[in-house]
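My notes follow the order in which I checked things.

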Amino acid sequence: MSAEASSVAKPRKGVDFHVLGPLVALVALVVLGMSLNDQFLSSGNVTNVLARSAFIGIIAVGATFVITIGGLDLSVGSMAAFLAGVTIIILNALVPVLGIGWNTIIVGMAACLLLGLAAGFLNGILITVGRIEAFIVTLGTLGIFRSLVVWLADGGTLSLNFELREVYRPVYYGGVAGIAWPIIVFALVAIAGEIVMRKTAYGRHAAAVGSNAQVARYSAIHVDRVRLATYMLQGMLVGIATIMYVPRLGSASSTTGILWELEAIAAVIIGGTVLKGGFGRVWGTVVGVVILSLIDNILNLTDLVSPYLNGAIQGVIIILAVVLQRGRKGAA
């Protein structure tokens with residue numbers, strides 16, 4: 001285990017910038033936003049930013065584990081669109097049977113979670129049993145899930161029953177003590193993810209697999225089992241994010257979830273998780289998600305740069321974050 005432990009511990013060197021960098025960037029963005037718009041820190045704007053970022057945040061927690069094991073999942077955005085579309089179809093089909101009420105919604109939620117687990121299992125089994133690179137598998141399922149949504153919607157939009165949507169709306173627009181449910185769920189998922197990453201055998205095994213899969217095997221770690229469980233975890237978290245997303249618009253189409261995979265990966269890398277695997281930081285991912293959301297919000301509130309360039313800015317951030325990671329490794 002010594003080789004594994006030393007390999008996993010390497011990213012902890014140079015802790016100053018590694019730990020403080022994302023936090024410094026977050027504070028700088030808050031100061032910039034305050035100087036550009038008086039309403040930046042208003043309760044309405046803060047709630048809107050956090051609630052809209054919750055979907056990406058929940059998915060990014062799963063992406064933290066996937067990248068920690070040395071994997072990659074490019075399908076999460078398309079998977080979310082597919083889950084949203086199928087969930088809407090199931091909910092509409094249940095209305096004549098179970099009526100307009102929470103019993104219908106709960107069954108739909110359970111179906112969404114099961115579908116997410118199944119989608120994650122599909123990715124994981126192709127990678128572990130099929131011995132296909134994660135990049136290729138998830139690139140393929142990205143196209144599959146997106147095409148299935150287009151087919152199910154017949155090229156248009158799948159819409160939730162209007163009366164049922166009114167019952168479902170509080171899942172996104174409601175909350176406790178002024179805190180929206182998506183924010184609460186995101187916080188709970190992030191806390192649970194950090195505990196699992198730091199305090200459980202699975203978290204340690206995920207880091208060991210990402211650091212050196214062969215050494216992990218010598219250490220009696222079931223590498224394929226860890227990888228499969230991780231992709232299933234990612235699928236389940238996509239399901240949870242979708243459950244929170246459906247009542248927001250009450251619809252799903254071919255554009256649902258566009259670029260979510262880019263945002264999730266960017267948040268993970270900004271937060272300090274090592275791209276090549278071996279070390280993950282869930283709390284850093286949370287900071288990364290908020291940073292990306294604040295950039296989007298600042299672009300929308302000001303005329304500094306067109307908000308249509310948000311994807312380009314995120315791409316630049318990913319490249320810079322990876323370059324900084326490589327720089328830290330070289331310095332170490």
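Which residue forms a salt bridge with E194? I looked it up and found R198, with the closest N and O atoms 3.3 Å apart. I note that this is a predicted model.

**Entry: the pair in α9**

I placed both residues in helix α9, residues 181–199. They sit 4 residues apart there, so about one helical turn separates R198 from E194. Next I checked accessibility. E194 has a relative accessible area of 18%, and because the cut-off for buried is under 20%, E194 counts as buried. R198 comes out at 30% and is partly exposed.

**Entry: the other salt bridges**

I counted salt bridges in the structure and got 3. I then went to D224. The side chain of D224 meets that of R131 in a salt bridge, at 2.7 Å from N to O. I checked where the partners lie: D224 is in helix α12 (residues 223–249), while R131 is in the loop between α5 and α6 (134–152). The two are 93 residues apart, and the pair links distant parts of the chain.

Is R131 buried or exposed? I read a relative accessible area of 55%, so R131 is exposed. D224 is partly exposed, at 25%.

D224 has a further salt bridge, to R227, with an N to O distance of 3.9 Å. I noted the cut-off here: a salt bridge needs nitrogen and oxygen within 4 Å. D224 and R227 are 3 residues apart in α12, about one helical turn. R227 is partly exposed, at 22% relative accessibility. Shared partners join R131, D224 and R227 into one network.

**Entry: α4 against α5**

I turned to helix packing. How do the axes of α4 and α5 cross? I found that the axes of helix α4 (residues 76–98) and helix α5 (residues 102–128) come within 9 Å and cross at roughly 145°. The crossing is right-handed.

I listed the contact residues. From α4 they include M79, L83, V86, I90 and L94. From α5 they include I105, V107, G108, A111, L115 and A119. Among the others are T87 of α4 and N103, C112, G116, G120 and N123 of α5.

I keep two items on the page. One is the network of R131, D224 and R227.

Methods: Residues numbered from 1 in each chain as written. Predicted model: local features only at pLDDT ≥ 70, side-chain atom pairs only at ≥ 80, totals over all residues. Heavy atoms only, no water. Axes fitted to C-alpha atoms, helices over the stretch in contact; angles between N-to-C directions. Left-handed = near helix turned anticlockwise from the far one by under 90°. Contact = heavy atoms within 4.5 Å. Buried < 20%, exposed > 50% of the residue type's maximum accessible area, 1.4 Å probe, protein only.
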